[in-house]
Amino acid sequence: MTFNIRQLDGLDYDEAEPLFDDYINGLINEFIQSDVGIAHTQTYPEGGFWIGTFIEMAFAYGEFTLPKMTKGDAQLVMENILPRKLTLRDRSEAEDAIPELVAFWTFLKREYKLRSGGAIAKYLTSIQDKFADWMFDASRGGIAKNFMLQGMQAGFDMSSQADIEAFQAEYNQRIKADPQNNPLIPVEPTVPMTAPPPDIQKFLDLMGVELPEVGEQVNPVELLNKIMDAADQMADLLDATGPAAKEGPGDTLRSLRTELMSASLDKDASLSEQEITQLKALTISETQPGSILKDFQTLLGFIGLEGRAVSGKRQQISMKDLAELNQQLSTPIDIDLKRPAQKSYPPIHGLYLLLRATGIVSSVTKGKKQFLVLNQPVYELWQQLNPTERYCTLLEAWLIRGYAEMLGEDRMGFLTEGNRCIQGWERIADQKKHTFNQKKSSLDFFSYYPGIHNLALMEMFGFLNITTGKPEAGKGWRIKSFEALPLGSPIFKLVRNAYEQNDMTWPSEVDPSVPYDELQDTLQPYFPEWQKTLVLASSGFRPDRHIFKVSLGKIWRRIAISGEATLEDLSAYILSSVEFDSDHLDSFTYTNAMGRKVEVLHPYAGGGFFSRGVPLHTDEVKIGSLPLSEGSVMEYLFDFGDCWTFDVQLETIEPDLNQIQSTRTKKKKKKKTPVGEILEVHGESPEQYPGYEGDW
C-alpha cells in the first residue's frame with residue numbers, strides 16, 4: 001500500500017480542503033481494486049458517492065478522520081450529520097449507501113488495520129433499514145434541507161430554479177397567513193423529566209446543576225449542554241493548573257466523598273445509651289444476629305477444595321450452579337427468569353462481593369476456563385477466627401473494602417459499597433416500614449442506593465427484615481416490604497464515624513495487603529472478642545523466569561523474562577517483538593486478588609483511569625512482584641492515541657537456569673545474564689503507522 005490514509009490527521013479544514021479530491025479519489029481507487037471492492041462493484045457497478053460524502057462531511061462537521069474514527073463518531077455522521085446536511089430527491093438514492101459504506105469499512109479494516117473498522121462495519125449493517133428514513137426525517141434536518149423536503153412533498157421539482165422560486169412564493173404566503181407555524185423550523189422534541197439515579201443527582205448537585213421538576217417537559221439537547229458546561233467548569237477546577245493542583249489524588253478522593261456524603265455527615269452520629277447497651281449485649285453466632293456467617297460458610301463450601309468453574313469475563317458463579325447454591329442458603333429466594341445471571345440472585349451477588357473483598361478466593365485459568373479457588377493461607381486463617389472476628393471481618397470487607405467493580409460493574413470507582421449503604425440507610429431508617437407495589441416505583445431508589453444485593457446483605461447481617469412475594473412471570477426477586485431492625489443504626493453510625501475519623505480514605509485502597517483491622521479500633525470497644533485479624537498472605541517475590549504469551553489480534557509472541565526485570569523491561573520486549581518504536585506512553589492493567597483493576601503507568605504518565613492514590617509506574621514494578629498466577633492476563637496498552645492493545649498472559653513460571661548455574665559455580669565470576677528474550681514469533685507484525693511516507 002502506497003496510499004497515505006493518515007494525511008488528513010492533524011489538519012484543520014482549510015488545510016485539508018485542497019487535499020479532499022485527491023484523498024477521496026485515491027482511496028476509492030484502492031478500494032475498487034481490492035478483493036472487497038471487486039466483489040462490491042459486481043453488484044453495484046456505479047458508486048463512490050457515499051464514500052466521498054461520508055469522508056468529507058465527517059471531517060467538515062465532526063473533524064473526524066478515518067484512522068481515528070470510532071463507532072460513536074460513525075453513528076454521529078450517519079444519524080445526525082448526513083441527515084441534516086445532505087438532501088436527497090428520492091428514497092431510492094439511499095439504497096446503495098449502506099452496502100457501499102459497509103464494503104468500504106470492511107476494506108479499511110482488512111487493508112489498513114483500522115481498529116474500529118469491524119465495529120463500524122457491523123454498526124452500518126445494523127442500520128440498513130433505518131438510514132433512508134433518517135434521510136427524509138424533517139426533524140433531523142436543518143432549515144435549508146427542510147425547505148427542499150417541503151417543496152418536494154408539495155410536488156415541486158426542487159432541481160428546477162423556476163419550481164424553487166414558485167415554492168418560495170407559496171411558502172411566503174403561508175408564513176404571512178400564520179407566522180407562528182413555520183414548517184421549515186421543526187419543533188425540537190421534548191420529553192418528560194424523570195428523576196436521575198442518586199449517584200448522578202449527587203454529581204449534579206456537586207456541579208451546581210439544577211434540574212427541572214420531575215414530569216416537566218424538557219429538551220434533552222439543551223439539558224445535556226447545560227450539564228456538559230457545568231462539567232467543563234468542574235474539570236477546570238481539577239485541572240493541574242487550577243486550585244486543585246496543590247492537591248494529590250487522595251485529596252481529590254476525600255473531597256469528592258465528603259461532598260457526596262455531606263448529608264449523612266451533618267447528622268448526629270453519637271450512640272445512645274440504649275444502642276451502646278444493645279451492642280455490648282449482642283452475642284454473635286453462625287445464625288445471629290443474622291445468617292451471614294452460615295451463608296458465607298456455605299458459599300466457601302460450594303467453592304470447595306477443587307475450586308468452582310465460573311464465567312470467563314467477570315469470574316462469577318455460572319448460571320448452571322446458581323439455582324443449586326440458592327437452595328443451600330438459609331433463605332432461598334424465588335425468581336422466574338429463564339437465563340438468570342449472578343445478580344439475579346441478590347443474596348448470592350452480595351456474598352460474592354464479600355468473597356472477593358476478603359481475598360479468601362482467587363481467580364485462576366485452567367485450560368480455557370476460569371475457576372475460583374480457595375486461597376489456602378487466607379482460608380486457613382479464616383478458619384481460626386471466632387464468630388465475632390468473622391462477623392467484623394466480613395463487615396469491614398463489605399463496608400470498607402467492597403466496590404461495585406468487584407461485581408463486574410463499571411460505576412464511580414471511588415465510592416465504596418459502604419458509601420452507598422451509609423447513604424441508603426439514612427432513607428431506610430427514616431420510616432418504620434417501606435412497602436412496595438408490583439410496579440416497584442418506590443423501590444427504584446433502593447435498587448440503586450444501596451443496591452438490591454446490599455439490601456440482601458443488610459438482612460443477612462441482621463440490620464433489615466425483608467418480606468418477599470411470588471415473582472411476576474419472567475421477573476426476578478420481588479420485595480414486598482422491608483423494615484429496619486435496631487442493630488442497623490448503631491453499626492452504620494460507627495462506620496460513618498470511622499470514615500470521618502480516617503479522613504474518608506483507607507490504607508487498603510492503595511495496599512490491599514493491609515490486615516483487616518481498619519474498623520477494629522471503632523468496633524472493638526463493643527465487640528471485645530475481636531482480637532485476631534485476617535491477613536492476606538503475600539505471594540512473595542518470585543525472581544524466576546516468567547513466560548508470557550503476548551497477543552495482538554491473531555498474531556502472538558512468546559516472551560521469557562526474569563522476575564527481577566520491571567514492567568518497563570517487558571514493554572520494551574513487547575514493542576521489539578512487533579517492531580514498534582517506543583515513542584509513546586504505555587500502561588499495564590491487571591486485576592488483583594480482590595477483583596479490582598490495578599494500573600501501572602509509563603514513568604512519564606500522570607494519574608490513570610484506575611489509579612488510586614500515588615500512581616504506580618512501570619520502572620518501579622518488578623515482574624516477580626506481580627500478583628499473577630499461571631493463566632492470568634494483563635492488558636498492555638501502547639500509544640494512548642492509536643491504542644494498540646495487547647493481551648499479556650502468564651503461561652508459566654520456571655526456574656532460572658542461569659541463576660541455578662551461578663550458585664553452583666561460586667568461584668567463577670557471575671556473568672550478567674539477559675533480562676529476557678523473545679522465544680517465538682507467530683504472525684507478521686502490523687505497521688505501526690500504516691502508509692507513513694515521511695512528512696504528513
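**Ground rules**

I am working with a predicted model, where local features need pLDDT of at least 70, side-chain atom pairs count only at pLDDT 80 or more, and totals for chains, interfaces and linings use all residues. Residues are numbered from 1 along each chain as its sequence is written, and side-chain values use heavy atoms, with hydrogens and water left out.

**Entry 1: the chain overall**

I began with secondary structure and got 26 helices and 16 strands for the protein chain. Here helices (H or I, at least four residues) and strands (E, at least two) are DSSP runs, numbered from the N terminus.

Next I looked up burial: 47% of the 696 residues count as buried. My cut-offs are under 20% relative accessible area for buried, over 50% for exposed, and partly exposed in between (1.4 Å probe, protein chains only).

The accessible surface comes to about 34,900 Å², and carbon and sulfur atoms hold 50% of that. Such areas come from the Shrake-Rupley method with a 1.4 Å probe; for residues, only the protein chains shown count as cover.

I also checked contacts, meaning heavy atoms within 4.5 Å. Among those between residues at least 6 apart in sequence, 65% join residues at least 24 apart.

**Entry 2: salt bridges**

How many salt bridges does a search of the whole structure find? I got 14, taking a salt bridge as a side-chain nitrogen of Lys or Arg within 4 Å of a carboxyl oxygen of Asp or Glu.

I picked out Lys493 and Glu275, whose side chains meet at 3.2 Å, N to O. Lys493 sits in helix 23 (residues 488-501) and Glu275 in helix 15 (residues 273-281), so this pair ties together parts that are 218 residues apart in sequence. Is Glu275 buried or exposed? Glu275 counts as buried, at 12% relative accessibility, while Lys493 is partly exposed at 22%.

Then I went to Arg545 and Glu654, where the closest N and O atoms are 2.8 Å apart. Arg545 belongs to strand 9 (residues 545-552) and Glu654 to strand 15 (residues 644-654), so the bridge links parts 109 residues apart in sequence. Arg545 is partly exposed at 22% relative accessibility, and Glu654 is partly exposed too, at 30%.

I noted one network as well: salt bridges that share partners join Arg308, Lys320 and Asp321. Within it, the side chains of Asp321 and Lys320 meet at 3.5 Å, N to O. Asp321 counts as buried at 4% relative accessibility, whereas Lys320 counts as exposed at 67%.

**Entry 3: surface patches**

For patches I use residues with over 30% relative accessible area and no salt bridge, joining like charges within 9 Å and nonpolar side chains (Val, Leu, Ile, Met, Phe, Trp, Tyr) within 5 Å. Lys and Arg count as positive, Asp and Glu as negative, and His and the chain ends are not counted. A charge is placed at NZ of Lys, CZ of Arg, CG of Asp or CD of Glu.

Which residues form the negative patch? I listed Asp12, Asp14, Glu15, Glu17, Asp21, Asp22, Glu56 and Glu63. Helix 1 (13-16) and helix 2 (20-33) are the elements giving two or more residues to it. Asp12 is in the segment before helix 1 and is partly exposed at 40% relative accessibility.

Last, I found a nonpolar patch of about 350 Å² made by Leu585, Tyr604 and Phe640. Tyr604 lies in the loop between strand 12 (597-601) and strand 13 (616-617), and at 74% relative accessibility Tyr604 counts as exposed.
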